[in-house]
Amino acid sequence: MTRKEKAAIVLDRLRRAIPAPETELRYRTEFELLVAVILSAQCTDKRVNLVTPALFEAYPDATAMAEAEADEIVPFIRSVSYPNNKAKALAATARMLRDEHGGEVPREHAALVKLAGVGRKTANVVVAVAFGEAAIAVDTHVFRVANRVGLVRDQPTPLAVETGLRRVIPRDDWGEAHHLLILHGRYTCQARAPQCERCPLTDVCDYFAALQRLPDPLPDLDPKRGRYYSKTARRYFDEPATKTDRTGTEQIADPWTGSMNVFDARTGRTTKKVKDYRIG
């Protein structure tokens with residue numbers, strides 16, 4: 001199966017699982033969307049939606065926010081991550097919108113990334129959601145899902161993931177794919193506890209296939225003889241070494257042989273971890 005064929009299957013199944021994919025940020029105007037996306041960096045959409053109503057009532061447009069100092073904005077957004085830095089970015093961006101763009105959010109990606117607090121991901125969200133332009137924004141969810149499923153092959157950066165997705169997903173589907181992958185990552189293919197048992201993609205997912213290749217649990221291990229058991233050396237030990245496997249994942253290892261074929265003596269389960277592509 002080629003990656004293009006896999007992408008077509010993934011999008012088709014996610015469309016059926018998520019019939020109305022769209023941003024969960026609440027906004028009414030392009031300016032409100034831009035502000036919400038800036039606030040959402042390393043923060044949940046749910047938290048952003050709690051703070052934006054009062055913020056937008058105080059500063060309904062770029063012209064109004066441009067008159068505010070950062071320390072006047074901070075009280076409205078104190079509960080989001082990095083409120084001081086984001087308040088400075090919002091104040092600076094509002095002034096740039098007022099002074100350079102007539103108070104309007106520009107449609108051009110190149111102009112958006114010049115705004116304070118706006119990187120490639122934020123600009124992609126705005127051009128796709130606000131203006132319907134073809135773009136794929138790669139946040140932590142898209143990064144994780146694309147790598148885990150195998151839509152891209154072990155890509156190390158959001159830009160590399162975006163480039164890979166653009167190659168395998170038709171341009172007309174970029175905006176929809178962005179929302180489908182985000183929502184799948186947020187509610188099913190979660191960072192710490194992926195819900196593989198209810199995922200519609202397991203038969204085409206590289207991550208799930210790797211999980212199935214992990215060794216079966218060993219019965220009848222005796223934790224009184226040691227915290228860990230090396231199947232290779234057939235010995236127990238308490239103080240493990242660590243070793244990086246060929247995927248770049250740090251694994252527990254037998255301190256004497258270096259073997260990573262190690263089991264938790266309390267549960268009988270392997271200590272091997274599958275690369276999960278969590279960032280942040």
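1. A residue counts as buried when its relative accessible area is under 20%. In this predicted model, T188 has a relative accessibility of 11% and therefore counts as buried. As for its place in the chain, T188 lies in the loop that runs between helix α11 and helix α12, the latter spanning 206–212.

2. Once residues up to four places away in sequence are set aside, T188 touches L183, A193, P194, Q195, R198 and C199. With R198, one of these residues, the side chain of T188 also forms a side-chain polar contact of 3.4 Å.

3. A reader may then turn to helix α11 itself, which covers residues 174–187 and packs with helix α1, residues 3–17, at an angle of about 70°, the two axes being 10 Å apart. Because of that angle, α1 is roughly perpendicular to α11, and the crossing of the two helices is left-handed. On the side of α1 the contact is made by L11, L14 and R15, while α11 brings E176, A177, L180, L181 and H184 to it. Sorted by class, the residues of this contact between α1 and α11 are five nonpolar, one polar and two charged.

4. A separate point concerns R98, which has its place in helix α6, residues 83–101. Is R98 buried, partly exposed or exposed? Its relative accessible area is 29%, so R98 is partly exposed, given that this class lies between the limits of under 20% for buried and over 50% for exposed.

5. The contacts of R98, leaving aside neighbours within four places in sequence, are with A66, E67 and G103. The side chain of E67 makes a polar contact of 3.0 Å with the side chain of R98.

Notes. Residues numbered from 1 in each chain as written. Predicted model: local features only at pLDDT ≥ 70, side-chain atom pairs only at ≥ 80, totals over all residues. Heavy atoms only, no water. Axes fitted to C-alpha atoms, helices over the stretch in contact; angles between N-to-C directions. Helix = DSSP H or I, 4+ residues; strand = E, 2+ residues; numbered from the N terminus. Parallel < 35°, antiparallel > 145°, perpendicular 65-115°, else oblique. Left-handed = near helix turned anticlockwise from the far one by under 90°. Contact = heavy atoms within 4.5 Å. Nonpolar A, V, L, I, M, F, W, Y, C, P; charged D, E, K, R; others polar. Buried < 20%, exposed > 50% of the residue type's maximum accessible area, 1.4 Å probe, protein only. Polar contact = N/O pair within 3.5 Å; in protein donor to acceptor, adjacent residues only side chain to side chain.
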